[in-house]
Amino acid sequence: MGRSRYKIYEPTHPHFITCTVLNWIPLFTRKESVEILLESFRYLQKTDNFKLYAYVILENHLHIVAQSDDIGKSIAKFKGHTARELIKLLQRENVKTILEQLVFYKKAHKVDREYQLWQEGIQPKLMQTDAMMISKIKYIHHNPVKRGYVDEASYWRYSSARDYEGIDGLLEVERFW
């Protein structure tokens, strides 16, 4: 899982995870870029016994509560695949400004690639109690409200808040009650 100081000691248990675009660059402002993330989550659900309890995707980062057979490996796959696909999208769309930023802010030790899309690490937090799980799910769902993007959590399209209100969302979610 890279050079993170955060360790995963219970890889099969649910974790709260944050993935942030390098230097907080607003990359997820278009449907096409968000769809790459959603497709990657769907793939993991089919191949890695990946269970998504909650998620929110904002313009420059995402939060999830998830588990799999090995959450560290699943997220490494997610970040690697989405980075490659998002860079291809940016190149196809000729988004030079963002591509230049992904080169400029790239860590010096990343010598095996031209671009770095994700910040290192995922800051995993093991869900140790039901109360902690509920707290993190509420935090995830209220993130767009807190930022002033929407008045109600369920109005944010790229979130599992709708699922928790009985409305089908964009991804399969294991609702935690």
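**Aromatic and charged pairs in a predicted model**

Phe-28 and Trp-118 are both buried, a term that stands for a relative accessible area under 20%, with exposed meaning over 50% and partly exposed in between (1.4 Å probe, protein chains only). The model is predicted, so local features need pLDDT of at least 70 and side-chain atom pairs count only at pLDDT 80 or more, while totals for chains, interfaces and linings use all residues. Residues are numbered from 1 along each chain as its sequence is written, and side-chain values use heavy atoms, leaving out hydrogens and water.

The structure holds 7 aromatic pairs; rings of Phe, Tyr and Trp (its six-membered ring) pair if their centres lie within 6.5 Å, and planes under 30 degrees apart count as stacked, over 60 as edge-to-face and the rest as tilted. Phe-28 and Trp-118 form a tilted pair, with 5.9 Å from centre to centre and 35 degrees between the planes. Phe-28 lies in the loop between β1 and α1 (31-47) and Trp-118 in the loop between α3 (96-104) and β4 (125-126), so this pair ties together parts that are 90 residues apart in sequence. Here helices (H or I, at least four residues) and strands (E, at least two) are DSSP runs, numbered from the N terminus.

Trp-118 also forms a tilted pair with Phe-78, at 6.1 Å centre to centre and 40 degrees between the planes. Because Phe-78 lies in helix α2 (residues 71-92), this pair joins parts that are 40 residues apart in sequence. Phe-78 has a relative accessibility of 0% and counts as buried. Ring pairs link Phe-28, Phe-41, Phe-50, Phe-78 and Trp-118 into a cluster.

Charged side chains come next. The whole structure has 9 salt bridges, each being a side-chain nitrogen of Lys or Arg within 4 Å of a carboxyl oxygen of Asp or Glu. One of them joins Arg-147 and Glu-59, at 3.1 Å from N to O. Arg-147 sits in the segment after α4 (130-146) and Glu-59 in the loop between β2 (51-57) and β3 (61-67), 88 residues apart. Glu-59 is buried, at 18% relative accessible area, whereas Arg-147 is partly exposed at 35%. Another salt bridge pairs Glu-32 with Arg-30, whose closest N and O atoms are 3.5 Å apart. Salt bridges link Arg-30, Glu-32 and Glu-93 in a network.
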